[in-house]
Structure formats: C-alpha cells, structure tokens
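My notes follow the structure.

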Amino acid sequence: MKTGKKRKRGTGSHFGWLQIIILLHYFLLAHSTSQRIHKKYSDDDDDQMYYPPVQLHLFEDHVVLDNGIVNVSLSTPGGMVTGIEYNGIDNLLQFDYKENNRGYWDLVWSKPDHPHDVFDKLDGDSFEVIIEDENQVEISFLRTWNSSETGLPLNIDKRYIMLRGSSGFYSYAIFERLEGWPDVNITQGRIVFKLQQNLFRYMAVSDDRQRIMPTSEDRDNGEALDYPEAVLLTNPANNFLRGEVDDKYQYSSDNKDNRVHGWICSDPPTGFWIITPSNEFKTAGPVKQDLTSHAGPISLSMFFSTHYAGQPLILKFRDGEPWKKVFGPVFVYLNSVLEGEDPLALWPDAKEQMLIETKSWPYDFPKSDDFLYADQRGTVSGRLVVRDSYISDRLIIARSAYIGLAPPGEPGSWQRENKAYQFWTETDDMGYFIINGIRSGNYSLYAWIPGFIGDYKCDIQIEVRPGCKIRLGYRIYDPPRNGPTLWEIGIPDRTAAEFFVPDPNPTLMNQLYNIQPDKFRQYGLWDRYTDLYPDEDLVYTIGSSVYQTDWYFAHVNRNIGNKTYVPTTWKILFELDDVDESANYTLQIALASANDAELQVRINDETTETPYFKTGLIGKDNAIARHGIHGLYWLYSVSIPGSILVCTTTNTILLTQSRGSTPWKGIMYDYIRFEAPSSNIQP
C-alpha cells in the first residue's frame, strides 16, 4: 500500500398483485425498529458540531472511512468497496462474494483490431489521502497507464468522499487519455453495488415502479426465455412471484428521470439509494435510457453505455486522441426509520435527499482540480418560441421543451454524443429557460419540443467562461414543414407511448405493469402482434381509425412458427378531395426507435419490388427487446409527386419493415404527417 503525501486542492391479476401489496405492507410494519432517519448535515458549523468527526483508519490491506453514522471499507490499493456498515448491519454488501465483486467501478473496453470485450474492474495501483480533517476525508485510488503495458490505455483516478454528519458517501472518477495513446473502444462505464440477498428484497425506481423482487437464486432456478436477462420464475422462494417474468431492462429509466433508485430492507428497516445529482457527465442527453437497480439485489450508477442506442454511443478513440472527463460525484445515501414508522417512508425520504443533492450541485467539496466549483462555471438563459404559420399566425411558446448545451455538431447530434459534457433543462410555461452550472467551453444550443417534429439548433456557437451570464434573448425554431397538414397519426413526442400497447401473454407477465400505464415494459410484446394480426397486417384508415387503439406501438415481424419471423407491411388508407398533379406532397415520418431495420415506403402500388423511398439499414438500439418505448430519434421527409396520387379512389401508403429473421428487428413510429403542397392552401 502506498499512502503517499496528502495533497489539497486550493480552496398476474390485479387481485393477485393487491395481495402482494397488502402482504408487503404488513410484513414491513411488523419488522419496524427504533431508528432515526439520518439526514445529510447542513453547511452550518453549529450543526456539524453535533456529529462525530470523520475518521480515516489505515490498515495493511484496506482503509475504513467512518463518520459515526456509516463506515465504509475499501481495499488498498485496489479501491474496491468491500464493506458498508450502517444501522446495526455489519455489511450491507453481499459479504460472501469476493472482495472485488461487492462494490466497484468497471469499464467494458476492446481494441479495434481485437473486438473481444474486456470487463475491467479498474483495480488501483496506488492509494493516496487527498484530504483528511474532522469534517471531510477524500481518498484516491490511482491506476496509471504507460506505453509498456497492453491493457486499457487510460489513467484512472477513483475518488471516495465522506463528510461529517452525512448518512452515506460520495464517489467520482477522473478518466484521462494523453495524446498519442493507442486506439481503444469503450462501451460501458458504471458503479456497481451488490447488496445482501437475505436483507434487501424491496426495490424502488420511481413512485409507481416499486415491488418485492426475486432473488438471484429464484432466477437461477427459473426458466430462461428468449435472451439471458429474461427469466420466468417457476419456483421462487416467495410464492407470489411464481409465473412472473423478471428482466433487468424492465426497470430502465431515461437519464432525466434517473435521479434516485435503490432498495429497502425490512429488518432492520434500512434504505440503500443511488442518487445522481446531475446528468452533466452522462452521455447522449436527457432521454438516453439506461439500467437502474435490478434483481440481485444490485444497484447501478450508469455513466455511459450502448443500451437503447447501439454502436453510435461506443467511445471510439483514434489517432492518439487525448481526452479527460470527470464522472460524478454520485451519492450513496443510507437511511432508516423511527420506531413504529412504515419502512416504505424511506422512499420519500430518499427523494427528499435527492432534491437536496440536486440543489447543492455543483458540489463545493470535491478536491480534484478537474471538478469545477460554481464560481468556475457559467450560465446561459433565453426564451424559445416556435414559428409554424400553418398552425398560428403568431409565434408559439415552446412549453416544456428540452433545451441544452452540448458540443458543436449537427441538429440532433447530442443524442449520439458520448465524450463531452452536456447541460440540459426544460423551458417553463412561457418558454423561458436558464441553464446553470455550465463548465467552460464551446457549445451549441440544442432543443426539441413536444408537439413538433425535428431538432432545434441555435445558429451561433456559445462560448462559456467562468462566471459568465449569457442572455440569448428570443430563439426561434422553424420545425420541418412543407405545407398544411392533411392528416396525421400520433403525437410528436419522440416515443411510441400514445399508440396501442397490448396486454402481455398471461403466462409471461410482470404483475407490476398490469396496474399502470407502462404496459410496454412487459415481456414478449413483439409476439403479441402475431396474435392480433395472424394472417393480415395492420390497416389504418384515416378518418375512422384511432391511433390509440388501431396503431400498434411497434412495427415488428410476424412469427409464422418455429421461431421464423417474416417482414410485415402496414397500410394507411386515405382519400383526397382534389390532387394537384403538378405539385409535391410531403410525408413526414418520425421514428422513435429502429433496430436492424429498413423502412420502405410504397405509394398506391403494393406489387412493385422497388419502393418509392427507403431508409436503408438503420438502428441498433434494441428498444423492442429491452422494453423501451423509444430509442434514438430519426426523421424523414419524403416528397411525393401529386401525379402518383388519386382523388377518385382511396390512396394507399404501404410501410414495409423489410428485415425479417428475428422478433426484434423493427421500428417504432413517433409520428406520421401527410402535408399538402404549400401552394394549395396559404396560411
């Protein structure tokens, strides 16, 4: 172990599920114990004096951080979290696992010329105390790469922080490549915590996604389904879970919604939570989906991955590209309840703590020079409006728009950006926005607005400097449009959530999603299309069909037996009162997801082999298999000459997803709009 010199920085059925809830409530209440809910201290020195000082204990092969509320053991010099003692529990982590398999950072990487993935738990080579006083301890576990090595060409600095009076601890890391280092691909980065299986049985991801979870043994004893992550629970220890499907992807969340999640132990009543105070260090913007907590019991802090996006989000470093980025800090929060209180109260308390952490961002205590404090950051503000004269003669307020700063690129490039920082917020009811805490650098301003297709990008590049306050004033978005709307299907919101989602196969249910709107998270819905359309494909008639019930949420292949899947063709039928044969009409097609798919469009001729338009092979987001209602966004504007349309009979637009062979090749539509020529109707 190398301690080094301290260095400091300058300053089933509804009834069955109801039974489970009732039983759970009784079970948790029966095991309440006398404990307080620990709160993170305030910055007031008078408040801090009521808590014991933080202590760092150094041993031959490990160190212990202890503030009198919680103590955390870490291996040295590796930096693995081997133990978390709290609320009378000697170790919240699964102590019979190996020390490097309880709490750890990891990366998945490969060499471009040898694409086999390497699962790297980022063992440190040296240990250093960064700061040690009565109010704070920060320690570092460093691994430095040199040219004589064949491993991951990345410097790794893992940090852990404990504060006085804080019911938990923080972790962050600095990853760095120097110029000239070898090429490498990095596909995933995260922190993993594996909790005691006999203690933590209840998981909470959001207000409406909470439940008793199966154990690892339940999964091992279950029946494997179409891919390893999905298991049918055939003989679980808790009989109420029998016949359910468990799949970690059923608990994924968008970055914007993934601020707190974790587990509750009933005896003694204890909560373990991962709190993410900011998404600035995550990739691909606010609607990138990723894993949260899942059966194990396991809690994750996902910083980047290819989940729900595919290859565009692989970090590819070529030609000696240098890079440095700070990931985190995230907060591991622990809480417990007073005697006689419901342990389920630990969830609202965790949410309250999340708000405290979020309000405190950027933190003022990390000691790495690479983590920037508030006075080293800037602010950008303005107002966003929409100009669409076919909807209104006046500018339209861009309410609840997602607007943010990301590296300069094309409109929408932020959803595939994976190396830099991004800073996002939502506009208010009047379209105003303010983005705080922006690191210095050059950015483009991007946005997308519910109710409008396409991506906004500001026409000026924005340079943020420490302490700056940039006021952009009015910014106007002109969404793609070539003429007035003749008809439309869906809502332009970048998801397929508004379309018809069927009930799952009754033998393949997750009971949690039978009683809430997120039915799309059920397993096996790709095969339900064949059940509903066994012989003929979907036909949607403009004027009589309703997209909420008549438009299937995913354009998938048909199962014709023996696990054989063939392409499908959907039809849109519509009539036109008149047709301008000399002008062009426009078909706007917005996709919410695509996976190994090709969309082909034919107009009034289903016999022709050559489509009028095709996307080519697109997408690798795998959102259909992973129970997402969206992946990456795609937009196509298809110009259709009036000469191939008719006004005397019904027109037919044929949409073919041409790639068969598996159930998960397909697309999800966000929105479809058919526009008249601009000369037909003047706004």
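Predicted model: local features only at pLDDT ≥ 70, side-chain atom pairs only at ≥ 80, totals over all residues.

The buried residues of α4 pack against the strands β10 (168-177), β12 (200-206), β13 (209-212), β18 (260-266), β19 (269-275) and β24 (323-336).

I then listed which residues of α4 are buried: Leu346, Trp347, Asp349, Ala350, Gln353, Met354 and Glu357. Viewed down the axis of α4, these residues stay within an arc of 155 degrees, so they line one face of the helix. Leu355 and Lys359 are exposed on the other side of α4.

Next I looked at α5 (residues 525-532), where six of the eight residues are buried. I noted them as Leu525, Trp526, Asp527, Arg528, Tyr529 and Thr530. They pack against β36 (558-559), β37 (565-566) and β38 (568-574).

Last, I went through the cavities. The largest cavity has a volume of about 60 Å³. Leu525 and Trp526, buried in α5, are among the residues that line the largest cavity, together with Phe520, Gln522, Phe553, Ala623, Ile624, His627, Gly628 and Met668. I count that lining as seven nonpolar, three polar and no charged residues.

The second largest cavity comes to about 40 Å³. Its lining includes Gln197, Phe200, Arg201, Met213, Trp263 and Pro297. By class I recorded five nonpolar, four polar and one charged for this lining.

Note on methods. Residues numbered from 1 in each chain as written. Heavy atoms only, no water. Buried < 20%, exposed > 50% of the residue type's maximum accessible area, 1.4 Å probe, protein only. Helix = DSSP H or I, 4+ residues; strand = E, 2+ residues; numbered from the N terminus. Contact = heavy atoms within 4.5 Å. 1 Å grid on protein atoms, 1.4 Å probe; cavity = no way out; pocket = protein on both sides within 12 Å on 5 of 7 lines; lining within 4 Å. Points joined across faces, edges and corners; volume = space filled by probe spheres on them. Nonpolar A, V, L, I, M, F, W, Y, C, P; charged D, E, K, R; others polar. Arc of directions from axis to C-beta.
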